[in-house]
Amino acid sequence: PASYRFDFGTATSPVASGFTQVTGGMTYNAARGYGWLSGTVAARDRAAGSDLLRDLNFTTLATFAVDVPAGSWDVTISIADAKVAHDQMGFSIEDTSSGTYALLAGESRVVTSRIAVADGQVTLLLDDLAGRVVVAKVVRGERAEGPEELDREADLLAEQIARVREE
C-alpha cells in the first residue's frame, strides 16, 4: 500500500478506524511486515479521549520497523499521554533525529519528516534520554506526494488532537 497508519495501544483498547493496531508485545514479523525490532515495550489505555489518542506504547529504548517500498515517504509521529508528563523523548527515523520533545500531561505533539527509504524498511527509534519512558501514539507513513499533501495530513492529525484536548 501507499499508506500505513498505526495506532499504538493495548491488546484490548479500541483501534481507530482506518488504523492498524500495534501493541507493546508485537515483535517484528516479516510476514506481517511491521513490529518492534528491539527493546522492551509496554502499553497503557488511559480510557480517556478518542480511540486514536486514549492509549499508547512506551519504552526507554526500542525500535519499530515497517516494510515499505523504496522511495520518499512522509512519516508522521504523534506523541501524547492524557495523564502523565514526559521529558527528553528522542525520536530518530532512518537514523536521522526527528528531535527531542517534552510533554505535559494531556499535551501532544505531531512531528512529520520526509525520508528516503532505500532498503525497503522504515525504522523508528524511540529513545528516552532521561532514562524514563518515551511514548508512541500514532505513526503514519505516506508515499511522498509533495508539500501540500504533507501539510494536509499534519493539519488533520493536529485537528484531531485538539478535539481530544477539548473533551
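This is a predicted model: local features need pLDDT of at least 70, side-chain atom pairs count only at pLDDT 80 or more; totals for chains, interfaces and linings use all residues.

Colleague: Why does Thr10 count as buried?
Modeller: Buried means under 20% relative accessible area, exposed over 50%, and partly exposed in between, using a 1.4 Å probe and protein chains only. Thr10 has 14% relative accessibility, so Thr10 counts as buried.

Colleague: What does Thr10 touch, not counting residues up to four places away in sequence?
Modeller: Gln21, Thr23, Ala43, Arg44, Asp45 and Asp55, where contact means heavy atoms within 4.5 Å.

Colleague: What makes Asp74 and Arg114 a salt bridge?
Modeller: The term asks for a side-chain nitrogen of Lys or Arg within 4 Å of a carboxyl oxygen of Asp or Glu. In this pair the closest N and O atoms are 2.6 Å apart, so the pair qualifies. Asp74 sits in strand E7 and Arg114 in strand E10, 40 residues apart, linking distant parts of the chain. The structure holds one salt bridge.

Colleague: Are the two partners buried or partly exposed?
Modeller: Asp74 has a relative accessible area of 3%, so Asp74 is buried. Arg114 is at 41%, and therefore partly exposed.

Colleague: How do you know that strand E5 is largely enclosed by the rest of the structure?
Modeller: Five of the five residues of E5 (residues 55-59) are buried, and that is why we say so. Asp55, Asn57 and Thr59 cover one side, with Leu56 and Phe58 on the other.

Colleague: Why do you say that strand E4 and E5 pair?
Modeller: Pairing requires that DSSP finds at least two bridges between two strands. E4 (residues 42-45) and E5 have four, in the antiparallel sense, so they pair. Ala42 stands opposite Phe58 in E5.

Colleague: Which residues touch the most other members of the largest nonpolar core?
Modeller: Phe6, Trp36, Phe64, Val66, Phe91 and Val122, out of 27 residues. Such a core is a set of buried Ala, Val, Leu, Ile, Met, Phe, Trp, Tyr and Cys residues joined through side-chain atoms within 4.5 Å. E7 gives this core its largest share, four residues.

Technical notes:
Residues are numbered from 1 along each chain as its sequence is written. Side-chain values use heavy atoms; hydrogens and water are left out. Helices (H or I, at least four residues) and strands (E, at least two) are DSSP runs, numbered from the N terminus.
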